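Hi everyone, thanks for coming. I'd like to walk you through one structure today, so please have a look at it while I talk.

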Amino acid sequence: MKIIDVHSHFIIPEYMQSLLSHHREMEDGFPAPTWSIEEHLAYMDMAGIEKSLISVSSPHFHSGDGAEAIALGKLMDEQAAAYKHQYPDRIMFAAALPVPEIEASIDAVNYAYDVLGADAVKLPSNACGLYPGDAKYEPLFKVLNERNAVVILHPAAPAEVPQGCFTAGPLPLFEFIADTTRAVINLITSGTLERYPDIRVIVPHCGSFLPNIIDRLTGITKVLASKGVGKPVEVKKSLQSLYFDIAGDVLPAGIEILLTLTDENHLLFVGDFPYTPKEMITGKVQALMQHERLQPMLDKLMYKNAEILFAGR
């Protein structure tokens, strides 16, 4: 079966040097793996993946210096575009936006789509503490809506985490999932997804905690609105613009829980290479192929939904 991977990463030396210079190389609780385009193609061949969408992972590349982040983001986008142009039948890419520099991010969107041929854009769950859905993001989301953009969310370290707690060490275990959920809730409750319905947002890691709290969110927003606290929002309507990737350990429970929130037309396969070893990804592919619950929707999950989502890119 054809497989399209919509969530894997590339790492260039300049990105790693920036993290080292700002002492952020261990921000996520573990060192970044090595990567090369040759290794990436080998992973794809091993796992049977036809196309892979690459993007920048975490830590988010803005380290407090706006000019540095703008230059680094442009460099990474140009390198990702070069990989796509070298392997057009195998590589897609999401542009790296230097948020919270909003005007520069708009420039990056236009350059990425008009010149570099980007397939999507990548947004961190927060950028220097600023979350999507904040009013400062409004000009950027207006442009993304005009572009009918696919926006890929990726977790980032929260501004603060509790010290002396296990989950504050390996951030992918809990803090990444919590911060992604916080970002999506902010997009919903701010009305951003309602105002900009032509943006398609991909939520990572089986929707993070969203499936577990969506009913509570729906109820609480209604109660608050009835008391004059906040504006009414259509939570269910906002969910219609969301797609969900299945990064992480999704069997046996993750996909089952996710399917209480969305339908088979909004599921996307991911590999998360090189942060997930290629042997684990291959095992995941095999497990998905054999999972009885997924058989009627396997073609949509593995490639058809991605083809529709990225049609024309």
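Let's begin with a question: which exposed residues does the face of H2 turned away from its buried side carry? They are Glu38 and Asp45. Before I go on, some ground rules: this is a predicted model, where local features need pLDDT of at least 70 and side-chain atom pairs count only at pLDDT 80 or more, while totals for chains, interfaces and linings use all residues. Residues are numbered from 1 along each chain as its sequence is written, and side-chain values use heavy atoms, with hydrogens and water left out.

Buried means under 20% relative accessible area, exposed means over 50%, and partly exposed is in between, using a 1.4 Å probe and protein chains only.

Okay, back to helix H2, which covers residues 37–47. Its buried residues are Ile37, His40, Leu41, Tyr43, Met44 and Ala47. Looking down the axis of H2, these buried residues fall within an arc of 155° (taken from the directions from the helix axis to the C-beta atoms), so they line one face of the helix. And what covers them? The list includes strand E1 (4–9), strand E2 (51–55), helix H3 (66–86), strand E3 (91–96) and helix H11 (278–290). Just after H2 comes Gly48, with a positive phi of about 75°.

While we're on H11, look for Lys284, which lies in that helix. Is Lys284 buried or exposed? Lys284 is buried, with a relative accessible area of 16%. Leaving out residues up to four places away in sequence, Lys284 touches Ile246, Ala247, Gly248, Val250 and Val270, where contact means heavy atoms within 4.5 Å. Lys284 and Ala47 are 237 residues apart along the chain, and their C-alpha atoms are separated by 9.2 Å.

Now for strand E5, residues 150–154. Here 5 of the 5 residues are buried, so the strand is largely enclosed by the rest of the structure. In a regular strand the side chains alternate between the two faces of the sheet. In E5 both faces are covered: Val150, Ile152 and His154 are buried on one side, Val151 and Leu153 on the other.

Who are the neighbours of E5? Strand E4 (residues 120–124) pairs with E5 in the parallel sense over 4 bridges, and pairing requires that DSSP finds at least two bridges between the strands. Pro124 stands opposite His154 in E5. E5 also pairs in the parallel sense with strand E6 (residues 200–203), over 3 bridges. There, Val151 has Val201 in E6 as its bridge partner.

Next, the core. In soluble globular proteins, nonpolar side chains tend to be buried together. We define a nonpolar core as a set of buried Ala, Val, Leu, Ile, Met, Phe, Trp, Tyr and Cys residues joined through side-chain atoms within 4.5 Å. The largest one here has 100 residues, and those with the most contacts inside it are Leu140 and Phe310. Helix H4 (residues 102–116) gives the most to this core, with 7 residues. Among the residues that Phe310 touches are Val6, Leu53, Met92, Val150 and Ile202.

Where are the cis peptide bonds I'd like you to find? One runs from Ser58 to Pro59, with omega near 0°, and Pro59 lies in the loop between E2 and H3. Another runs from Val99 to Pro100, with omega near 15°, and Pro100 is in the loop between E3 and H4. Then there's His205, with a positive phi of about 60° although it is not a glycine. His205 sits in the loop between E6 and helix H8 (210–226), and His205 is buried, with a relative accessible area of 19%.

That's my tour, so over to you for questions.

Conventions
Helices (H or I, at least four residues) and strands (E, at least two) are DSSP runs, numbered from the N terminus.
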